[in-house]
Every structure is written in C-alpha cells, then in structure tokens.
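Student: I'd like a close look at one part of this model. Please take me through it step by step.

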Amino acid sequence: MTDLIQDMRAPVAEPGTGQVRTGSAVSRIDGRAKVTGEARYAAEHFAPDLLYGVVVSSTVAKGRIVTIDDAEAMALEGVVEVMSHLNRPKMRSFDIHYKDMTAPPGSPFKPFYDDRVIYNGQPVALVLADSFEAARRGAALVRVYYHEDEEGHDTRMTANLDRAYKPTGLRAGFEPPPPEKGDAEKAWKAAPVKVEAEFHHGVEHHNPLELFASTVIRGEDGHLTIYDKTQSSQNSRWYVSHVFGLPKHKVTVRNPYVGGAFGSGLRPQYQLTLAVMASLKLKRSVRVMMTRQQMFTFGHRPETVQYVKLAAEKDGTLTSIMHEAIGETSKIEDYVEVVVNWSGLLYACDNIKLGYKLVSVDHYTPMDMRAPGAAHGMVALEIAMDELAYKLHMDPLALRLKNYAERSPADDKPYSSKELRACYEQGAERFGWDKRTLEPRSMREGSELVGWGMATGAWDAMQMFARASAVMHADGRLVVSSAASDIGTGTYTVMAMIAAEAMGLPLERVTFQLGDSTLPAAPVEGGSSHVATVGSAVAGACDKLRLTLLRYAQSAADSPFRDKRLKDVEFVDGALRLKRDPSTWVSLATIVERSGHDRLEEKYLMLPQMLKQRKYRRMVHSAVFVEVRVDEELGVVRVTRVVSAIAAGRIMNTKTASSQIVGGVVWGISQALHEESHTDHRYGRFMNHNLSEYHVAVNADIHDVDVIFVEEDDRIVSRLGAKGVGEIGIVSVPAAISNAIFHATGKRIRSTPITPDKVLAGGP
C-alpha cells in the first residue's frame, strides 16, 4: 500500500464533473437495446433442440373432459407430442405447492392436474412440435369432448349480489376495512345535505404488448434455465420448484426485459407450468407462448359494484362517509383488493363506515391491475364528492379543501408526509381552475360542450425487504445487483443512478443487474414499491462499500485518510478525496488494485423499519384536473387537457417518473372511455377477446398531458425520501373525466366505460 500514497498525490488528471445526480432527467439505460431489437424477451431465446408448444383451450365453462382425440394432430408432420392431464409428468397435489408469493386465499388453479374444467378458456391440452406453425396447426386439429356440469355455470356477478360474503382469508398487501368510526348511519340521516349513489365497473383485461411466454432451456445436466414473462424471477422459480419438487439450484428464472405487465405478471401464468411440464416429460427445451385471445384466459380486473353515501352540513363539513363495495372472485380463490379503505383516508370526518364483500363466479381468479382497488374505489368516492359539491353549490376543489385531513381520519395516525394541499394549489394554478364556471352546460366551443372536472388520488407508499450487492472492480467499474424486475418503469436506470450518485461515478461506469433468480433477493415488482425497497437496498450496499474503500485507503501508515471518517471525505468522479483538501484524492480503481483483490464487494439487507413506519399512514397523493369536450349529438367525449399534480416523495429520475404518470393518465382515459370485457353468459366466455374489439385508448385519444411533481421528502417511507409513482398516475383520472362530463353536459354517469350511448342517455 506504500505506492498508494504517491498515487493519492500524483499530478494526474483531476476528477471531472460527469457524475449523475438523482432528481435529474436521465434517458433509459435500456432504451437503445429496446428500440434496436437487442433486448430479448421471453419468447426470443433459442436452443438447438427447441420445441414449440401451443395451448388448446376449453370451450365450456364447467364440467369434465370425457376424451381427447389427438390422432389428427399426432399424424401431422413435425408434431412430437400432445400433452394433457392424461399423460403429463408427475405433479404435486397439495394446494400449498401451487401458492406463489402473491396468491390470494383458496385453492390455486392447477394446470393439467385432472379432468375438471372450472372456467371457459382453461388450458386442456398442449401440442408440441418442431416448429411453431406445426404446433399451431396441430392445436387446431385436437378434438376435446366434455361432459358439462349438470348444474351449469354462472358468470353473472351482478345477478348474485344477494349471496355476497365477507372474505375471511388474508393476502399480502390487503388491508381489510377498518372498524366503523362513530355512527355513520345516524349522522347521515340527520344531515341536511346528502348524496347516495351506486357505481358499476366492468371487467378489464391488462393486454400488455408482449404476449405471455416461457422458454425453458434444458441443460445437459437437467438444469432448467427459464426465460419467463413475469414481474418476479424469484416468484416464478419458487412456483416451479414447489410444483414439480425440483431443488432450487436446478432452476434458474430470468426476466431481463418485460414488455409490459401492469399486474398480470405478478402470479406465474399457466404457460410457465406447461412449458416446464413438457420439458421434464420430453427432456428437451420448450417454448410456450399464448395467443392474444388466450391473454383473456388467466385473470383480469374484477367487475365491481359500489354504494357510496356522503352527508354534510350546509357549509360543506362532512358528517358521514359510507362506502361499500362488492367485487368479483372465482369459485376457487378469494381474490381481494383494497377498494373502500381510501374513503377513510382522505377527508376529515367523525363518522365513517366501510364494507367489502365478494361474489364468486365461474371465471378464472381476478388479479391485480394497475392501482388495484383504488382504480375503482377512488373513482366512486371522487364522483360522489363532486355530486355533493353541486348539492352544496360549492366549487368541487373548495369542498375538498374544506375537509382536508391533517391526520388519517380512520385511525388518527399522522401522515409520514402529505403535500396534497400543494398538489391542489399547483395543479389548479397550472390548469386555470379559477376561470371555471360553476354551472353545468355553461362552457361551449363551437359545436362541443366543454367541461372541467377534478379529483383526488391516493395510493399506499409501500416498502418491503430486499437484498443488494455492490462490487467495485479494479478497472473502476461498479456492478450493483438485485433480483428486481423492470416492467418498463425504468428500474435499470434509476438503480444505476442511485449507485452512481452514492459512489461518485459517471453513469456509464455503473451496471445494474436484475431479472435473474440467482441474484440477491428482491420482492415481486408491484405496488410501486421498487424504488423505495430495492433502491434503499442499493443505497445501503453502496454505503457499506464506501466505508470499505475508505478503510483500504487508510491502511498505509502515512495515508492522509488515516484518521478520517466518511463525513470527512467525498466520492467524486471515480475518486475518494478529502472535503477540506480536494487536491488530496485517490481513484477508486487504485484503491481496489492496491487492496490485493481484483474486486471489493459489499452486500446489504434492507429491512423496513416496521416499528417506526407503523406509527404513520404512508401514502402518495395526486390532484387531477381534466378538460373534456363533448359532441352532444354523437355522445363522443374527447379528453383534451389533463394536469396531474403528484406528491410522491423525492423523484429519482424526473424523465422516467413523468413517463409513468403520463402512462397512468393514458390508461385512466382508456378506463374511463373505452375498456371493458363483455361476457356471453350462455357460455361463460369473454366475447371481445382481441384488440380489435377490446377497445383501448390510441394516439388520437390523447392530447395535452401536463405532469407536476410537488416537492416532498419522506424519510419514513424510505432512506432515499422516495415513494412510488407507478400506480398513482391512473388513480382518479376516470373520476375527473366523469366529473368533467357532468360539468359539460349536466349528465351524471356512474359506470365505466363512459361510452357514447351512456352520454346520449344520461347514465347510469
């Protein structure tokens, strides 16, 4: 280490200014790979002996398989096998083996387990061939004969509200409605101003651009390397290992690139099970990819009915909030999500009563979809608040400010941070809300009615546990790793930014590794928790590495760093230097080189400070302002302007964070005006199972979207001061649109999507 001292004082090039700072706008590190085609997704990995699998889906909703006639398919050139419950390899039987890390209570679906059919579209056979074309043709030739259940099936959720029940099991991330506060019924009856409304939201499907696929590459030793479309490589590995009784070291799951998921990748989907099953049976590499139609056969945002009652004094003071929701689930699992709790978290009120029930139908189990629960629950609350404002002859924003909660109303906890008031102020100013006329139908431009509406948004600010490692190499490169996922949110970039800032390195010298089940443990990517969770783990690993580098720099007897602490030094542009004497510095590469190691590594386990965090209500907030233009003769609604003001803690990358909010707004417009899956209840089957009939917002539907991030720093949620921005972008956008439509037309519509026929009819 004696030469190290001379390097510290050597007259070499001074550190530059190329390091990155969190909070700046940085383009995606993975952007070039995606636009040039270098990024390979789950269905784009190959093996010399690869077989292609195409799924045969059931055509009945409930019954038993009598026979499977695969003679024609097996006679087709290139077809190797037709697999079903009749000839599958060994599977475990207990429900516990099929429960992934995000499974709801109940009995998970077991693909090819037996001859039972429990929903229409269920996979019942898999044709495997040497080419995709042969497998697809073979799947069309398989004939499956059923004995339908004598009792029939029932997929009508709203026709069975009388048999709704309270869910008894719990699920990670689900918080049951709190006990009643005060006497909400009594207060509602006594109040001078009341609103009572019913809301309905139809089924929605995720429809990410990338189809669900799994490529299983079998090694000579039987090791399975699986490229899966998933929001957690470790969750998929967990599932595969348990279902097939495989040791963890015999399975590696990778998901370096995910072409959108929005919650559909939280649970392992059936193509993964079938691909592994086929690989084990045939001892070959296998790829199974769903069709676009099959993307409608494994979960969806549930159909929901809601009832909201609000009561207030004549000055607008809320005296009662009652909110009940009934959601759809399957016959095998109790899918639950937080729908009504938001009504006890936003507005000051002494009397709050919340309820949540389920109705089971013969569909596949619903699943989380962007902002699960809040995307429905907040819409109902915020439309009801708008109705109440009109009954009070108050400005809708003024009503919200009148009942602004400084502490969480339901449990009286303080907020870890809450800059919602700033969201209201900055959003309203940017939008020009003060120029809004109060009366409906009072604004017009040409042949179109113009309406301005607003709504509040809220989402949980979550943090889970995660591990991360940070490795400084002798060439000055930093490699940081965690089994996180990047589902399009910018995880690669943000984690590299956090590490680069911590170590004083330019971004191009930092690599963040993710999407591999062998990397340090990370939670499932969901709930907008990755930055607060994995980002904090990355920061922790880098802090430990900084200390290690300082200690090695101190090891020489005459080191100028010998008695210095971390507070006395700084890491700048790839070097360690004294704060009081910037001319005294040493490159990080030299420290590693002279340490006697080719790399220095530190690991960190990030555990949430639960005892501290549970004392607070941790949330992100938004205020959404919307302008719509309505052609009253045609019932066509155009969303021409949106301002979304967000309070989500410190923003790590303003560019990718803004993209997340814009994406949420686009989806909010789509949810409000376009998206709904329709069921033919005679067959229990979704009818519009394609992108020509399942309508989503397109470029022509999107106009000006303005995103504001208000200043907020929350060190209770995370050591970085950051919260999450993925979910909050969509929350309450449909409510703001509905409220704007009322302002434009005087017609109150309480169901989504708000299609032209509803606008023409004036409801429901």
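Student: How far apart are the end C-alpha atoms of α7, and what should its 13 residues span at 1.5 Å a residue?

Tutor: Keep in mind that this is a predicted model. Start with length. The end C-alpha atoms of α7 are 18 Å apart. At 1.5 Å a residue, the 13 residues of α7 should span 18 Å, so the two values agree.

Now place the helix. α7 covers residues 270-282. Is it enclosed or open? Of its 13 residues, 10 are buried, so α7 is largely enclosed by the rest of the structure. Buried here means under 20% relative accessible area. The buried residues are Y270, Q271, L272, T273, L274, A275, V276, M277, A278 and S279.

Next, a partner. Helix α6 takes in residues 233-244. The axes of α6 and α7 come within 11 Å. They cross at roughly 50°. That angle makes α6 oblique to α7. The crossing of α6 past α7 is right-handed.

Which residues meet there? From α6 come S236, Y239, V240 and F244. From α7 come L272, T273, V276, M277 and L280. Sorted by class, this contact holds seven nonpolar residues, two polar ones and no charged ones.

K283 follows α7. Its phi is positive, near 55°.

Two other places show a positive phi. One is R441, which is not a glycine and has a phi of about 65°. R441 sits in the loop between α10 (420-431) and β15 (444-445). Its relative accessible area is 40%, so R441 is partly exposed. The other is D573, with phi near 50°. D573 lies in the loop between β20 (569-572) and β21 (575-578). Its relative accessibility is 15%, so D573 counts as buried.

Helix α15 (residues 654-673) packs with helix α16 (residues 733-745) at an angle of about 55°. Their axes are 8 Å apart. α15 and α16 are therefore oblique to each other. Their crossing is right-handed. In α15, the residues in contact are V665, G668, I669, Q671, A672 and L673. They meet V733, P734, I737 and I741 in α16. This contact divides into eight nonpolar, two polar and no charged residues.

How values were computed
Residues are numbered from 1 along each chain as its sequence is written. This is a predicted model: local features need pLDDT of at least 70, side-chain atom pairs count only at pLDDT 80 or more; totals for chains, interfaces and linings use all residues. Side-chain values use heavy atoms; hydrogens and water are left out. Axes are lines fitted to C-alpha atoms, for helices over the stretch in contact, and angles run from 0 to 180 degrees between N-to-C directions. Helices (H or I, at least four residues) and strands (E, at least two) are DSSP runs, numbered from the N terminus. Angles under 35 degrees count as roughly parallel, over 145 as roughly antiparallel, 65 to 115 as roughly perpendicular and the rest as oblique. A crossing is left-handed if the near helix is turned anticlockwise from the far one by less than a right angle, and right-handed if clockwise. Contact means heavy atoms within 4.5 Å. Ala, Val, Leu, Ile, Met, Phe, Trp, Tyr, Cys and Pro count as nonpolar, Asp, Glu, Lys and Arg as charged, and the others, Gly among them, as polar. The expected span of a helix is 1.5 Å times one less than its number of residues. Buried means under 20% relative accessible area, exposed over 50%, partly exposed in between (1.4 Å probe, protein chains only).
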